[in-house]
Amino acid sequence: MVFLHSLLFSEASLVLRHAEDRKGVTLAPAVAMEEFRKAYVQLCKESGAQPQETVLQQLHELREGPGQSRLDFATQSLSVDTCRVLGKLLQDEILFTEIMLSDCMLNEEGVRHLLNGLCSNTVVKSLDLKGNNLRALGAEALGKLLRQNKSIRSLTLEWNSLGIWEEGFSLFCQGLGANRFLQWLDLRNNQINHQGAGELALALKCNCSLRELDLRWNNIGLLGGRALLSCLHSNKTLRRLELAGNNIPSDILKAVEQAMDHNQDRQTILAENHSRTRVLSKEVFSLKEEKAKQFLDLMDTIDKQREEITRSSRTSAARVGQLQEALNERQSVMNSLKAKLQMTEAALALSEQKVHNLGELLSATKQEQASMTECQLKELRQQKQEASDRETNLLQHLSAANEKNLLLRNQVDELERKCKAQQDQLFQVKQDLTNTTAELKLRVAQAEERLEMEKKRFKQGLEDMESLRLKEVDHMTHHMEASEHSMQERIQRLEATRIGLEEELSRVKAAAFAERGQAEEELIKVRGQARLEEQQRLDHLEEKLRLMTQSRDEAQNYCLQQKQAVGEAQAKVSQMTLQTEGLKRRMEELQQDLSGKEQEKVAEVNKVRVELQEQIGHLQAERTAQEGLKEKIAALERQLKVLSSNHREALLDKESEISTLQEKLRMKEAEISRMREEEAQRASFLQNAIMAYVQGSALGALSPRK
């Protein structure tokens, strides 16, 4: 018989699937409702049962009505055969999301068939079983449904009798405790006493999905109210608990309301924390992307500048070759101009001395910049030490670093522009030299005037360079002071906001401070260790920076020594060669000095960029290390919270078990005393009856009276 039913159900499901897959698309709701009605009729005929006319009429109305995702059999009396067929059809049904079976006068067997069918359903979200007088079998089937079904979110069980039978209601509560998907439960008018409330409390300790529970108009009483209140210490997801009409004292009701308010506040705080973490993660990700883009742009600009420098060096080499050829051809003319060239040599010596003085000024400015960078590094270290306790300052430091990077990049761009302007000036000087060499025979006086003009221009350019450098230094100092002032103001504002938030948190968590004292001590130890580790890392980074600065100074000294050696070698060669070759080489030396200065400027710009990139990398590494430490601290806090919650739950469970055992012992003792009294009364009644019977009979007349 079971095989026949399964075969009929499989044929009906195949009919439905064939009707749905005719054209490779899902059916319309009206067609699916008609197929459901046909499957119901076919299963009824094949199982030997008569289809109910009311059910067919209701299905026809649902097919024509607007709400076709709801199966509404409210106030319809359903037979056991109809419930069996509907349970089989609802096993794989994907059309209905709401099932209304209120006031259907269902039989216990019919309810069991319906609920067994819904155990494997994955679409139904709402189930209404109001006013069906469900009892022991119904409660057992509901417990099985709650353990196996994973889609039902709302369950209405108003006006039933689930609380009368303790074993069935305990099975229902076990299913509720194992469920992880139900969010709304209505148990009004179910004759639930204090023992049933204790079972519900045990279930609520294990349940972590239920949001609203309605227990109005039952018989919970004082003991049941206390049990429910004790379970709310471990349940943090229940937001609404209705207990009106249960003879519960007002203080317990107020405590329950406070617990519900606390759970609601906790949920809102958790939602706000999730939203804030999402916003912060998005901002950090956007900052990382911006840094990556800026780094790529810097690399592109550096590559372009290198290409331009190589091109300019090639063109300058070609032009120098042309100048050498012209000078070789006109050696005779140069012999006549030796005296004038000696005067120009003296002027050039003065200019070289000025250039040397300018180089010293540049080295002094570099040292000032190094000292400024060291001061900035010290300030950054102090800020990092403060940032271990203030998470929000990290983003401000990053923004400040980005602003500094932008300022330094602007300075680099200005230096590059100055280099380009000097290159243009050198190009003009070279053109003037070619013109003077071409017209030396005819316009010697003009050449002297042009040389004097070029000297004036060079002096003016050097003076402009010095004034611009002084202006840039003043601008940098003003900007650094303004940025430091703005950073201090932001830090004060954030500290004020942090103090306000800490006061609010202290008001909220005043009750939990006593229990978390040990946890806070352990956190303080962990934070001290983290600070020590951060201090060690900062010392290590300072040592690395010092080594890098030493290596850079050594490289600069080595370059100066090489330049001095080259100058001495060039001087010796100039003495060995002829005067004409000496003049040529002096001109070449001047050009080489100019190109060397250009290269030094480019090298300084590259060094500044490399140092900026290294600072950015160090900041990112320190930021990642701080994030790792924060994650460790959060993990330790979570472990402490879990341990404390487990300890509390264990204590509450033990207390609830002890109270239930004491209540059971008291009830057993009362029953034993009541049974003894009843037995004594029965014995006395029997004795009186026997005496009355003996006295009323003939034997009583013959027997002597006592």
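Tutor: Start with helix 7 and helix 8, which are roughly parallel to each other because angles under 35 degrees count as roughly parallel. Here helices are DSSP runs (H or I, at least four residues), numbered from the N terminus. This is a predicted model: local features need pLDDT of at least 70, side-chain atom pairs count only at pLDDT 80 or more, and totals for chains, interfaces and linings use all residues. Residues are numbered from 1 along each chain as its sequence is written, and side-chain values use heavy atoms, leaving out hydrogens and water.

Student: At what angle do the axes of helix 7 and helix 8 cross?

Tutor: Axes are lines fitted to C-alpha atoms over the stretch in contact, with angles from 0 to 180 degrees between N-to-C directions. Helix 7 (residues 166-178) and helix 8 (residues 194-206) cross at roughly 15 degrees, their axes coming within 8 Å.

Student: Which residues of helix 7 and helix 8 make the contact?

Tutor: Contact means heavy atoms within 4.5 Å. Helix 7 supplies E166, F169, S170, C173, L176 and G177. Helix 8 supplies Q195, G196, E199, L200, A203 and C206.

Student: What does F172 contact?

Tutor: Setting aside neighbours within four places in sequence, F172 contacts A139, L142, G143, L146, L157, L185 and L187.

Student: How do the axes of helix 5 and helix 6 cross?

Tutor: Helix 5 (residues 108-118) and helix 6 (residues 136-148) cross at roughly 0 degrees, with axes within 9 Å. That makes helix 5 roughly parallel to helix 6. Contact residues include V111 and L115 of helix 5, and A141 and L145 of helix 6.

Key:
Helices (H or I, at least four residues) and strands (E, at least two) are DSSP runs, numbered from the N terminus. Angles under 35 degrees count as roughly parallel, over 145 as roughly antiparallel, 65 to 115 as roughly perpendicular and the rest as oblique.
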